[in-house]
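Thanks for coming. I have one structure to go through, so please look at the display while I talk.

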Amino acid sequence: MIMSKKITCCICAVKMMEEDSNSAYPINEVGRCCDECNYMKVIPARLNQIKQSEIKGIVEDIYGKRVSHYNSEWDWLTSNTNK
Ligand SMILES: [Zn+2]
């Protein structure tokens, strides 16, 4: 039998059963949060993080790795964006 314990949401401080809680990462590295905070805050923050790292990866693909082989293209790109 699972012993359920009451814990506090680390974001809005509502009381909930531990098995109903969610990981609050990246809002809170170690805390647990309620369903509402999970949907309203934690999941959007997580999506945002994924989006940012994806964009960073794409930018590195285009302007990082390729640029090391095509320096003239990098010069062209930077000279055009600075205008
Ligand atoms: Zn909450």
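I'll start with P26, which is found in the loop between β3, residues 22-23, and β4. Strands here are DSSP runs of E with at least two residues, helices are runs of H or I with at least four residues, and both are numbered from the N terminus. The peptide bond leading from Y25 into P26 is cis, its omega being near 10 degrees.

Two notes on conventions. This is a predicted model, where local features need pLDDT of at least 70 and side-chain atom pairs count only at pLDDT 80 or more, while totals for chains, interfaces and linings use all residues. Residue numbers begin at 1 along each chain as its sequence is written.

Now the overall layout. The protein chain has two helices and four strands, and from the N terminus on the order is β-β-β-β-α-α. Of its 83 residues, 8% count as buried. Buried means that 20 or more other C-beta atoms lie within 10 Å of the residue's own; 12 or fewer is exposed, in between is partly exposed, and C-beta atoms are placed from the backbone. As for contacts, meaning C-beta atoms, placed from the backbone, within 7 Å, residues 24 or more positions apart account for 13% of those with a separation of 6 or more.

Next, strand β4, residues 32-33, which holds C33. Why is C33 counted as buried? Because C33 has 26 C-beta neighbours inside 10 Å. Leaving out residues up to four places away in sequence, C33 touches C9, C10, I11, S21, N22, A24, N38 and V42. C12 is 21 residues from C33 in sequence, and their C-alpha atoms are 7.9 Å apart.

C33 also belongs to the largest nonpolar core, together with C9, A24, C34, C37 and V42, six residues in total. Such a core is a set of buried Ala, Val, Leu, Ile, Met, Phe, Trp, Tyr and Cys residues joined through C-beta atoms within 7 Å. In soluble globular proteins, nonpolar side chains tend to be buried together.

One of the contacts of C33 is N22, which sits in strand β3. N22 counts as partly exposed because it has 18 C-beta neighbours inside 10 Å. Beyond four places in sequence, N22 touches R32, C33, D35, N38 and V42. N22 and D35 are 13 residues apart in sequence, with 6.8 Å between their C-alpha atoms.

Last, A13, in the loop between β1 (6-8) and β2 (15-17). A13 is not a glycine, yet its phi is positive, about 70 degrees. With 9 C-beta neighbours inside 10 Å, A13 counts as exposed.

Terms used: Two residues are in contact if their C-beta atoms, placed from the backbone, lie within 7 Å.
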